[in-house]
Amino acid sequence: MKSKTGLSLIFCAMLAAGAVASTAEAAKVGVSMPTQSLQRWNQDGANMKASLEKSGHEVELLYAGDNDIPTQVNQIENMIADGCEVIVIASIDGSALTEVLKGAKEKKIPVIAYDRLIMNSDAVSYYATFDNFKVGELQGTYLAKKAGLDKATAKEPKYIEFFTGPTDDNNVNFFWGGAMKVLQPYLDSGALVCKSGQTTKEQAATLNWNNEEAQKRMENIIASVGYAPDGQRLDAVLASNDACAQGVATALLSNGYDASNFPVITGQDCDKPSVKNIKKGYQSMSVFKDTRSLASQVVKMIDAIVKGETVEVNDTTTYNNGTGVIPSYLCNPVAATKDNYKEILVDSGYYKESEI
Ligand code: BGC
């Protein structure tokens, strides 16, 4: 049995913990994440919860099943009803939250759009993300160099296929825009050819960024175009993220490709399976977005909001959500390859070498 002194010590500790959460500088924060099926969102959620709690905030962290829009809407509704004082949202469909966020606006609850912009809502106070256009540029630039597009001509072109995410994710416009800024001139000159003809972002879209959807589409393209190690050449695949890259790699591996004849394939997120693929030669690069820095930037925003201080932003022109430009903080994405993954992923403590 616990002694009286022991119990009163515990009681004092509880009071102290309660006191932290109820000071003017701490808040109850709702964090709504889209899915647990992709590694990055689990990491984002965990990083955010840990950093927010370290700052003394109380956290309600919820995942919307597997990208289930009605679940996300319900969870946000509950956060508003539960007395959350700030809400952070990584939306599934950026345009599906207009109604529910009216409730947040009425209660003057600041909303931070996390990673993906929430569209058509004047309830969004800030946006924290990575420089999404630069993500696409890093992919396009890497692909152009690695596939030797500068030396290609209309007579001797290079062959490419395109895979991006769903068009309801506003980031896709930026990933696509950044990559196409680099690649479109080669398509226009004929130095780069897409045999399937699927060159618009709508045609290249992957529902929910789902790995198996990308695999299926790649398999269909292989069958219809006749890509094969000893058939029609495929030099490069622009994949906007690692889930797409993994689906494409699986389709190629089951169609006779191996590391000696893989096309250049881009990616994004440095998911563990993709880093493994990079090491094996089944993916050429990924884009590292350090979710720790995004989480800590959002915590800084929340601390400033709660204290009534100026919120740090570094972009006030790029991200218009249909109701006006949302003040944004853009973190810096970095290209990751076989040559630098150790330095940026392992030495920085993001992964242990044994995990990848
Ligand atoms: C994120 C990417 C992620 C993708 C799929 C995008 O909005 O910016 O990092 O790969 O969603 O979850």
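These legends go with several close-up views of one predicted model. Residues are numbered from 1 along each chain as its sequence is written, and side-chain values use heavy atoms, with hydrogens and water left out. As this is a predicted model, local features need pLDDT of at least 70 and side-chain atom pairs count only at pLDDT 80 or more, while totals for chains, interfaces and linings use all residues.

**View 1. The shell around the ligand has 13 residues.**
Arg40, Asp115, Arg116, Asp169 and Asp269 come nearest. Sort the shell by class and you get 4 nonpolar, 3 polar and 6 charged residues. (Nonpolar covers Ala, Val, Leu, Ile, Met, Phe, Trp, Tyr, Cys and Pro; charged covers Asp, Glu, Lys and Arg; the others, Gly among them, are polar.) Helices α2 (39-54) and α6 (171-189) each bring at least two residues to this shell. (Helices are DSSP runs of H or I with at least four residues, strands are runs of E with at least two, and both are numbered from the N terminus.)

**View 2. Arg116 reaches an oxygen atom of the ligand with a polar side-chain atom.**
That pair sits 2.7 Å apart. Asn241 also has a polar side-chain atom 2.9 Å from a ligand oxygen, and for Lys289 the distance is 2.9 Å. The protein covers 99% of the 310 Å² of accessible area that the ligand has on its own. (Accessible areas come from the Shrake-Rupley method with a 1.4 Å probe; for residues, only the protein chains shown count as cover.)

**View 3. The largest pocket holds about 340 Å³ of space.**
What's a pocket? On a 1 Å grid over the protein atoms alone, it's an open set of points with protein on both sides within 12 Å along at least five of seven lines, and lining residues have an atom within 4 Å of a point. Its volume is the space filled by probe spheres set on the points, with grid points joined across faces, edges and corners. Of the 16 lining residues, Tyr142, Lys146, Ser284, Thr337 and Lys338 lie nearest the centre. Helix α5 (residues 132-146) gives the largest share of the lining, 5 residues. By class, the lining has 7 nonpolar, 5 polar and 4 charged residues.

**View 4. The second largest pocket has Asn67 and Trp209 among its lining residues.**
About 160 Å³ of space lies in this pocket, and its lining has 2 nonpolar, 6 polar and 2 charged residues. Asn67 sits in the loop between β2 (58-63) and α3 (69-81), and its phi is positive, about 60°, although Asn67 is not a glycine. Trp209 is in the loop between β7 (192-193) and α7 (211-226), with a positive phi near 55°. Buried or exposed? Asn67 counts as buried because its relative accessibility is 14%, and Trp209 counts as buried at 7%. (Buried means under 20% relative accessible area, exposed over 50%, and partly exposed in between, with a 1.4 Å probe and protein chains only.)

**View 5. Cys84 lies in the loop between α3 and β3 (86-89).**
Cys84 is buried, since its relative accessible area is 3%. Val59 is 25 residues away along the chain, and the two C-alpha atoms are 8.7 Å apart.

**View 6. Arg292 is part of helix α10 (residues 291-307).**
Arg292 has a relative accessible area of 29%, so it's partly exposed. Between Arg292 and Asp122 there are 28 Å in space, C-alpha to C-alpha, and the two are 170 residues apart in sequence.

How values were computed
Near = heavy atom within 4 Å. Polar contact = N/O pair within 3.5 Å; in protein donor to acceptor, adjacent residues only side chain to side chain. 1 Å grid on protein atoms, 1.4 Å probe; cavity = no way out; pocket = protein on both sides within 12 Å on 5 of 7 lines; lining within 4 Å.
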